Amino acid sequence: MKIKVIHGPNLNLLGIREVNIYGPAKLEDINKNLEVVAKQNGFEIEFFQSNHEGDIVDAIQESLTDGTNGIIINPAALTHTSISIRDALAAVRVRIPAVEVHMSNVAAREEFRHKSMISDIVAGTITGFGPLSYHLGLISMMEILNQLKMAQQSQGQNQ
Ligand code: DQA
């Protein structure tokens with residue numbers, strides 16, 4: 001089963017960007033750790049980062065045809081504004097569940113960060129644990145996909 005991790009704008013600058021908020025880890029370090037854990041658990045994992053809203057919408061839509069089973073997404077600033085990312089996640093959600101992840105504790109920051117356009121249509125949100133948020137997001141997604149697989153298998157047996 002394949003998990004796609006989508007990182008939004010400015011997350012390519014992790015390690016340089018506002019280190020007091022986001023910490024010193026680089027995006028490639030975070031991705032590497034996720035890859036190790038995914039592989040250990042028998043999952044395929046793919047990474048996508050873009051600073052452009054439409055490209056993120058495309059990456060979500062492509063999940064329908066590229067074998068993706070689950071999405072982990074940190075839409076970064078677009079979390080608070082993007083109806084098109086919300087609509088894309090809503091369009092694929094019957095087939096592909098998503099987990100929302102944030103490095104910082106958005107609820108403890110500026111008021112404009114308190115609103116997420118996607119929280120109510122994802123399986124769950126993990127926020128405030130730095131790189132660990134992604135790790136917890138991956139653990140959650142693997143659990144969701146394992147449960148789905150088990151449910152499908154037992155449905156198959158009952159037919
Ligand atoms: C973020 C929080 C957003 O408010 C912010 O715009 C980001 C990163 C996080 O991971 O904490 O770019 O999504």
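1. A nonpolar core is a set of buried Ala, Val, Leu, Ile, Met, Phe, Trp, Tyr and Cys residues joined through side-chain atoms within 4.5 Å. Buried stands for under 20% relative accessible area, exposed for over 50%, and partly exposed for the range in between (1.4 Å probe, protein chains only). The model is predicted: local features need pLDDT of at least 70 and side-chain atom pairs count only at pLDDT 80 or more, while totals for chains, interfaces and linings use all residues. Residues are numbered from 1 along each chain as its sequence is written, and side-chain values use heavy atoms, with hydrogens and water left out.

2. The largest nonpolar core has 24 residues, of which Ile3, Leu14, Ile30, Leu34, Ile72, Tyr134 and Leu138 touch the most other members. Two or more residues each come from strand S1 (2-7), H2, strand S4 (98-102) and H5. Helices (H or I, at least four residues) and strands (E, at least two) are DSSP runs, numbered from the N terminus. A second, separate core of 18 residues includes Ala59, Ile60, Leu78 and Leu89.

3. Helix H2 (residues 27-40) and helix H5 (residues 131-158) have axes that come within 10 Å and cross at roughly 25°. H2 is therefore roughly parallel to H5. Axes are lines fitted to C-alpha atoms, for helices over the stretch in contact, and angles run from 0 to 180 degrees between N-to-C directions. Angles under 35 degrees count as roughly parallel, over 145 as roughly antiparallel, 65 to 115 as roughly perpendicular and the rest as oblique.

4. On the H2 side the contact (heavy atoms within 4.5 Å) is made by Ile30, Leu34, Val37 and Ala38, and on the H5 side by Pro131, Tyr134, His135, Leu138, Ile139 and Met142. By class, nine of these residues are nonpolar, one is polar and none is charged. Ala, Val, Leu, Ile, Met, Phe, Trp, Tyr, Cys and Pro count as nonpolar, Asp, Glu, Lys and Arg as charged, and the others, Gly among them, as polar.

5. Leaving aside neighbours within four places in sequence, Leu34 is in contact with Val5, Ile45, Phe47, Tyr134, His135 and Leu138. Asn31 is also found in helix H2. Asn31 counts as buried because its relative accessibility is 13%. Not counting residues up to four places away in sequence, Asn31 touches His7 and Phe47.

6. Glu18, in the loop between S1 and helix H1 (19-22), has a positive phi near 30° and is not glycine. Its relative accessible area is 39%, so Glu18 is partly exposed. Ala76, in the loop between strand S3 (68-74) and helix H4 (83-92), has a positive phi of about 55°. Ala76 counts as buried, at 11% relative accessibility.
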